[in-house]
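This briefing goes through one protein model, topic by topic. Keep the structure in view while reading.

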Amino acid sequence: MRLKVEFTTEPFDLEEPPPHAVVARETVQAAGLDALDVGPFGNTAEGAAEEVLAAVSAMLRRSLDAGATRVSLQVNVVSEGEPGEAAS
């Protein structure tokens, strides 16, 4: 099974990424997931279910420890076909 995770950490800082946002991004990047997309207001990554779940767990712990007051995330099952394609 493949999963896609979308996440955002708060509070926002429009001047520069706050430490909790940097930690979240670095944690997911280090997990070696596929199709990583980093944006100013949200991030997405995709990969095998176990890898995504492990990355999400680490990201939550590290982001909260770094000062996040809220972490919003969504996890979707995607097809084995192409990255980002929804399962039927």
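**Ala35 and its setting**

Ala35 counts as partly exposed, because its relative accessibility is 46%, which lies between the 20% limit for buried and the 50% limit for exposed. The model is a predicted one. Ala35 is placed in strand S2, which covers residues 34-38.

**Backbone points**

- In general, residues other than glycine mostly have a negative phi, and peptide bonds are mostly trans.
- Ala35 has a phi near 50°, which is a positive value in a residue other than glycine.
- The peptide bond that joins Glu10 and Pro11 is cis, with omega at about 10°.
- Pro11 has its place in the loop between S1 and H1.

**Helices H1 and H2**

- Helix H1 spans residues 19-30 and helix H2 spans residues 49-65; their axes come within 9 Å and cross at roughly 160°.
- That angle makes H1 roughly antiparallel to H2, because angles over 145 degrees are counted this way.
- The crossing in which H1 passes H2 is right-handed.
- On the H1 side, the contact is made by His20, Val23, Ala24, Thr27 and Val28, and on the H2 side by Ala55, Ala58, Met59, Arg62 and Ser63.
- By type, the residues of this contact are six nonpolar, three polar and one charged.

**The nonpolar core**

- The largest nonpolar core has 12 residues.
- Its members are Leu3, Val5, Phe7, Ala24, Val28, Leu33, Ala45, Ala49, Val52, Ala55, Val56 and Met59.
- At least two residues of this core come from each of strand S1 (2-10), H1 and H2.
- H2 gives the largest share of this core, with five residues.
- One of the core residues is Ala49; leaving aside residues up to four places away in sequence, Ala49 touches Met1, Arg2 and Leu3.

**Thr44: buried or exposed?**

- Thr44 counts as buried, because its relative accessibility is 17% and the limit for buried is under 20%.
- Thr44 lies in strand S3, residues 43-48.
- Thr44 touches Lys4, Val5, Glu6, Ala35, Leu36 and Asp37, with residues up to four places away in sequence not counted.
- Ala35, described above as partly exposed, is thus one of the residues that Thr44 touches.

**Ala30**

- Ala30 lies in helix H1.
- Ala30 counts as exposed, because its relative accessibility is 67% and the limit for exposed is over 50%.
- From C-alpha to C-alpha, Ala30 and Lys4 are 16 Å apart in space, and in sequence they are 26 residues apart.

**Leu73**

- Leu73 is found in strand S4, which covers residues 70-78.
- With a relative accessibility of 35%, Leu73 counts as partly exposed.
- Which residues does Leu73 touch, not counting residues up to four places away in sequence? They are Glu6, Phe7, Val56, Met59 and Leu60.
- Phe7, Val56 and Met59 also belong to the largest nonpolar core.
- Leu73 and Glu26 are 47 residues apart along the chain, and 16 Å separates their C-alpha atoms.

Notes
Residues are numbered from 1 along each chain as its sequence is written. This is a predicted model: local features need pLDDT of at least 70, side-chain atom pairs count only at pLDDT 80 or more; totals for chains, interfaces and linings use all residues. Side-chain values use heavy atoms; hydrogens and water are left out. Axes are lines fitted to C-alpha atoms, for helices over the stretch in contact, and angles run from 0 to 180 degrees between N-to-C directions. Helices (H or I, at least four residues) and strands (E, at least two) are DSSP runs, numbered from the N terminus. Angles under 35 degrees count as roughly parallel, over 145 as roughly antiparallel, 65 to 115 as roughly perpendicular and the rest as oblique. A crossing is left-handed if the near helix is turned anticlockwise from the far one by less than a right angle, and right-handed if clockwise. Contact means heavy atoms within 4.5 Å. Ala, Val, Leu, Ile, Met, Phe, Trp, Tyr, Cys and Pro count as nonpolar, Asp, Glu, Lys and Arg as charged, and the others, Gly among them, as polar. A nonpolar core is a set of buried Ala, Val, Leu, Ile, Met, Phe, Trp, Tyr and Cys residues joined through side-chain atoms within 4.5 Å. Buried means under 20% relative accessible area, exposed over 50%, partly exposed in between (1.4 Å probe, protein chains only).
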